[in-house]
Amino acid sequence: MKRIFVASRGDPEHMASLFRTQLPEHEVFTQAPQRGDAPVPYIVVGRPAPGLIASVPGLELVLSLNAGIEHLLASGEVPDHLPIVRLVDDGLADGMSDWVLGHALAWHRNLAFYKDLQAKREWSPQPEKLARERIVAVLGAGALGAQAAGHFVRFGFQTRVWSRSCRQVEGAKSFAGRDGLQAAVAGADILVNLLPLTAETANVVNANVLGALAPGALFINGARGGHVVDGDLIAALDGGGLSSAALDVFRTEPLPADDPLWSHPRVLLSPHVAAPTHARTAVAEMAETIRRYERGEKLPHLVDRALGY
Ligand code: NAP
């Protein structure tokens, strides 16, 4: 009987019970194994406590509870020989799409602006644009970026995607490389960041990129705070280059109480909830990964340590 250690910090018992339903022939447990215990080939982790992974005997596969795994690589907690499978599931992708499209559509139709007018009892219709008159640039065309971009296409926005390998999304224009980045963001009304945080993508949203957008653009960050040069973002908001920023992720989380982003009038922030992990969809995916592994099949969504995602 193969063993699965569910080391999630949320509600590990709930997750373990879902695993037992999916994989009844496996032993699933939530307490760290003791020295001399039988081998545990699988661990399910988000942010493991220091030394936890090293303490698990006979580990073969690390199943990440998150799509972003930069913290696992940076911490050095996962030895190089252990494969890491990051979480890709429709619960995450649907959650992120809702959050991104929600912000984009609200901004596109001036909803926050009219809310302010309502408070002043002011009747002041603004010029309203059609989606097809707006350009959206989505950085990252992976599991989350491609789905969000597909929604923008269906809503009629002129959609561009930027990825490392020039990934195609039906109805969108694809870009890659540093030159491609400038071309992708040039004149965009809405910039969406859904990149993984790697050595190459850190600080990618900087004065150059923000300065290339259409005047008064919206920036939506659902990926990581480390992608953004905060000083450049605040300068763009203060200078009017950006009209608004919707931020779910920050360099330091929780966002420190004295961070200027909390009170910036043009910032809408949320506490890293754009695409939370949903136990049911996540466990279904991870159980399928384990089945594939045991059948000796190629694993999807394996982290490439050289690329960092
Ligand atoms: P993914 O499937 O790995 O997709 C990443 C995309 O970024 C791919 O299109 C990839 O290009 C592109 N990319 C990577 N490095 C690049 C580079 N140097 N230049 C240009 N493009 C590059 O990742 P995902 O599942 O969509 O997740 C994206 C990120 O969202 C995660 O890493 C995580 O940080 C964040 N996230 C946030 C939340 C939240 O609640 N806020 C929840 C889940 C995830 P290729 O297609 O060519 O490989």
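This is a predicted model: local features need pLDDT of at least 70, side-chain atom pairs count only at pLDDT 80 or more; totals for chains, interfaces and linings use all residues.

Trainee: Okay, how is the chain divided into domains?

Mentor: Domain 1 takes in residues 3–89 together with 278–294, while domain 2 covers 94–269. The centres of domain 1 and domain 2, taken over C-alpha atoms, are separated by 33 Å.

Trainee: And at what angle do α1 and α9 pack?

Mentor: Helix α1, residues 12–22, packs against helix α9, residues 279–294, at an angle of about 45°, and their axes lie 9 Å apart. That angle makes α1 oblique to α9, and the crossing of the two is right-handed.

Trainee: Which residues meet there?

Mentor: From α1 there are H14, M15, L18, F19 and Q22, and they meet A279, R280, V283, A284, M286, A287, I290 and R291 of α9. Sorted by class, this contact of α1 with α9 has nine nonpolar, two polar and two charged residues.

Trainee: Switching topic, where does R86 lie?

Mentor: R86 lies in the loop that runs between β5 (84–85) and α3 (90–108).

Trainee: Why does R86 count as partly exposed and not buried?

Mentor: R86 has a relative accessible area of 21%, so it is partly exposed, since buried would require a value under 20%.

Trainee: What does R86 touch, leaving out residues up to four places away in sequence?

Mentor: With those left out, R86 touches S64, N66, A67, I69, H301 and V303. As for T30, which is 56 residues apart from R86 along the chain, the C-alpha atoms of the two are separated by 20 Å.

Trainee: You mentioned H301, so what is its phi?

Mentor: Phi of H301 is near 65°, which is a positive value in a residue other than glycine. H301 sits in the segment after α9, and at 34% relative accessibility it counts as partly exposed.

Trainee: What about phi of H272?

Mentor: H272, also a residue other than glycine, has a positive phi near 50°. H272 is in the loop between β12 and α9, and its relative accessible area of 37% makes it partly exposed.

Trainee: Last one, which residues does the cis peptide bond join?

Mentor: The cis peptide bond joins E253 and P254, with omega at about -5°, and P254 is placed in the loop between β11 (242–247) and β12 (267–269). As background, most peptide bonds are trans, and most residues other than glycine have a negative phi.

How values were computed: Residues are numbered from 1 along each chain as its sequence is written. Side-chain values use heavy atoms; hydrogens and water are left out. Helices (H or I, at least four residues) and strands (E, at least two) are DSSP runs, numbered from the N terminus. Buried means under 20% relative accessible area, exposed over 50%, partly exposed in between (1.4 Å probe, protein chains only). Contact means heavy atoms within 4.5 Å. Axes are lines fitted to C-alpha atoms, for helices over the stretch in contact, and angles run from 0 to 180 degrees between N-to-C directions. Angles under 35 degrees count as roughly parallel, over 145 as roughly antiparallel, 65 to 115 as roughly perpendicular and the rest as oblique. A crossing is left-handed if the near helix is turned anticlockwise from the far one by less than a right angle, and right-handed if clockwise. Ala, Val, Leu, Ile, Met, Phe, Trp, Tyr, Cys and Pro count as nonpolar, Asp, Glu, Lys and Arg as charged, and the others, Gly among them, as polar. Domain bounds come from an automatic or database domain assignment.
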